[in-house]
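Me: I am new to this structure. Please show it to me, then take my questions in turn.

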Amino acid sequence: MMRTVEVLIAIMIMTGAFLTASFFAVLPSPRQVSPLNLSRLSLTTLETLDAEGGLSTVAFDTTNDTAWNQLQVALSACLPSNIVYNLTAYDISGTNGQPLYSASRSISNAQSLGVGSNAASYMVASSNVTFTVTPQKIAATLYILNCSDSNGWWITGYTVQSIAQQFLQMFSSYFNSSSIVMVQNTTQLGQLMSGQPLGNETLQNAIVINTCGEAVPIPQTYAINYSSEYDEYCYQLGRCVNEYNWTWVSIVGYPFYYVTNTVQLASIQNTWGIYGMYCDAAAGLNAFLEGIDNQPYNYNGNWLTSDVGVVSLTTTALSNCSYYGIFPSPTQTATRALPASIMTQYNLTRVATTVLNPTGGTLPGAVFNHIFTGATNVTGSLFALGVTRVPDTRLAALGILSDYNPVMYKSQYTAAGTSALIVLQLGLAGGS
Amino acid sequence: MAGATIDHLVAFTIFLAALLLFIGFYNQINQTAIVYQYHTYIATKCSDVLDSMLLNPGSPSDWGLSDSSTKNLTFFGLQDPEFQQYRLSPFSVMRLLSPSAQQYNNASWNVNGGYLLVQSSECIGYHSVTSMLGINGTYDFQLSITPTITVNISQIPSTDLKLEIQAYGTGFPLSNANVNYLMFWATTSTSGNYPVLNYNLTSNPVQTDSSGIAYIEFPALSNVTAFCFIAEAYTGGICGTGYLSQDTVTNAGNLIPYIESCDGGTASMMLAQNPQTGMGNLYFNASFYALPDNFVPAQAGNFPGTVNSGTPNQNWTITTNNQTGFLVVAYGDGSNCGMVITPLGVESIGMPVTFGANVSGKNWVATDLRQVLIGDIAYQAKLSLWSLQGYGVTG
């Protein structure tokens, strides 16, 4: 009998243990077991309501009862009927010791949000605020060759003037207005070559964009003086680039392949039937390179460039596409890529910027800095894009911006009254 | 001695019974907890799979716009590649093969005179999608993409043509909403048998009342006019659309539009007589309208033709330039007219899409919901997901 009593006592202990364990082992409610992702639903609801900027408008118009009623109708219509909500708009100010967030208006369809709720927040900006990006000004003069007395080659479909306008438009925000100079004719180019600015701009360290493609404008005096060997003009141009530390930009094809002056060379055609243009062929570039390196002039008609086919933008150039908002095709066809050998042959020893990836011993798109042996300062640069026609001015612009790296100053939504925070809290109606 | 033995036996028996009973009790609590844990995991999986579908465009990302890309799809996603967040491609959604599909994806068969019948070979099947999502054999799901705002249109008795437009959301009527509309109607031609497709594309917006209902009357049209009406209701930043088309069966049958392919900015349509045999001439006049977000349609092609028992189908290639829109067709046998409509991009007339396995009878189905946009139209994407391996699926 004693054993039976002991067993009954043991059973009582086990019952107590079970009841105690059951008391603490509380199973979650079915809603907690398989919850609706209220946080995501809340966020997507806010995004939907703001798809056309409606929520942004209402958030800053807290006294407009009609607009808030419409918002409540829309909110009620797009949420399932068993969902209760509370939407609150907060002003972001934080000035004069006020709290950073202050509730400006709230709507709800229930007194409370039940036993469990979740929320998402969404930042909206006032439509009265304009987001601006101000580029840092490049401290150099930009000369755009817009010579009315010159023709272009390999700029098929464009004119020299239309390309010049494109560059002017693209660079107008990156330079002070007095630092962008349109060189209107070859006489003005001759003036620059003689060291005289056209206005108050600084001649030294300038950028010169040749918009004539494979041709280069030649002033009349140079055309007369070098009528036996026009490539000597290219040599003089190289000397100027070296002396004034210019960055010469060739936007397409073989640089200095032709010289052009529609008046002085009116009776000469470029072997393709375009008058006002003389074909220097490969000698022009060789002479320019001799000039930039201050070597004595020697006629050299050896072909320099290579056809390397499809090339791609470098990682840096791709990154700068997004930074500067310029989006040329990431792949280009380079049929006039300059060889890397010119770097040692003409002291173009530093590649400051590479726009197109080097391939096969060539640099299809790069800014070469000329530095004399033993010197440290740059004395002239050549930015040659050896791509095939038709030129993409965006590619040249990207290269120049990548070379100078102007900072883009972006405005921020920090001023009081320009931003609001919307919080949508959702709960499930009913009990647990 | 015998009494002590009996005492031991009785005590042991009672103790053993009590022990087994309590082990059973504890085991039951543990089992319930384990089941709950699996259910929680399924709910989490449901949320993950839904986001995976809605927040990536798939690969190749333009698969909705190209038949060949659809066939070469390596990863599944419905996001519009030109946007971010929860904005879906109207063309990708159109290519989801419905559960009842046979030769054509039967997303809609004559719902209010609307058809969305994409050739099945140009669509993406459910089992391909589960494989691409990595859940083949472990989970089944059903994805339903339905307009957040339902815009119901019905004709109400009147001597002239009078329509009732009812706009409501999942939980509430859309009161005081502005309603824009487009009206197409067919009339028999005085010079031939081809029906004339008339339209009024410049609507004066009306407003719904507190019940979300608005009325529009067309005094110039009789109550037996064959028409196709599209309405867009919007308020508070949310927008929904609906349609009603009078798909009349004439003495020469009716006309059903099929989407044969949709590729490279063009759509190949087939207009088929129904039934295909024993019918006389059925004349039609079809027009495709691109419908941008501002709800101002632009006609992008017109195609008149005839179908009969000898030539029951006519094919027409539309240049869509990858814009969404709708094809509206007026048809008639010379005396009676009807109209049908088919969307190119589901949102242009607010068609819902259901994709995946049948959810009925499944044990413990987790669901999750997202608000999404297709074009400018608000939709809800609801995913129901369940395990195929009982409670053994843990990851």
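Reply: In chain A, 73% of the contacts with a separation of 6 or more are between residues 24 or more positions apart. Two residues are in contact if their C-beta atoms, placed from the backbone, lie within 7 Å. This is a predicted model, in which local features need pLDDT of at least 70 and side-chain atom pairs count only at pLDDT 80 or more, while totals for chains, interfaces and linings use all residues. Residues are numbered from 1 along each chain as its sequence is written, and chains are lettered from A and ligands numbered from 1 in the order in which they are written.

Me: How many helices and strands are there in chain A?

Reply: Helices (H or I, at least four residues) and strands (E, at least two) are DSSP runs, numbered from the N terminus. On that basis chain A has 13 helices and 20 strands.

Me: What percentage of the residues in chain B are buried?

Reply: A residue is buried if 20 or more other C-beta atoms lie within 10 Å of its own, exposed if 12 or fewer, and partly exposed in between, with C-beta atoms placed from the backbone. Chain B has 395 residues, and the buried share is 45%.

Me: Where is A:N294 found, and why does it count as partly exposed?

Reply: A:N294 sits in the loop between α10 (282-292) and β12 (309-312) of chain A. A:N294 counts as partly exposed because its C-beta neighbours inside 10 Å number 16.

Me: At what angle do α9 and α10 of chain A pack?

Reply: Axes are lines fitted to C-alpha atoms, for helices over the stretch in contact, and angles run from 0 to 180 degrees between N-to-C directions. Helix α9 (residues 231-244) of chain A and α10(A) have axes 7 Å apart, and their packing angle is about 35°.

Me: How do the residues of the contact of α9(A) with α10(A) divide?

Reply: Ala, Val, Leu, Ile, Met, Phe, Trp, Tyr, Cys and Pro count as nonpolar, Asp, Glu, Lys and Arg as charged, and the others, Gly among them, as polar. The contact residues of α9(A) and α10(A) are nine nonpolar, five polar and four charged.

Me: Which element gives the most to the side of chain B that touches chain A?

Reply: The two chains meet through 43 residues of chain B and 41 residues of chain A. On the chain B side, the elements giving two or more residues are α1 (2-54) and β21 (366-374). With 18 residues, the element that gives the most is α1(B).
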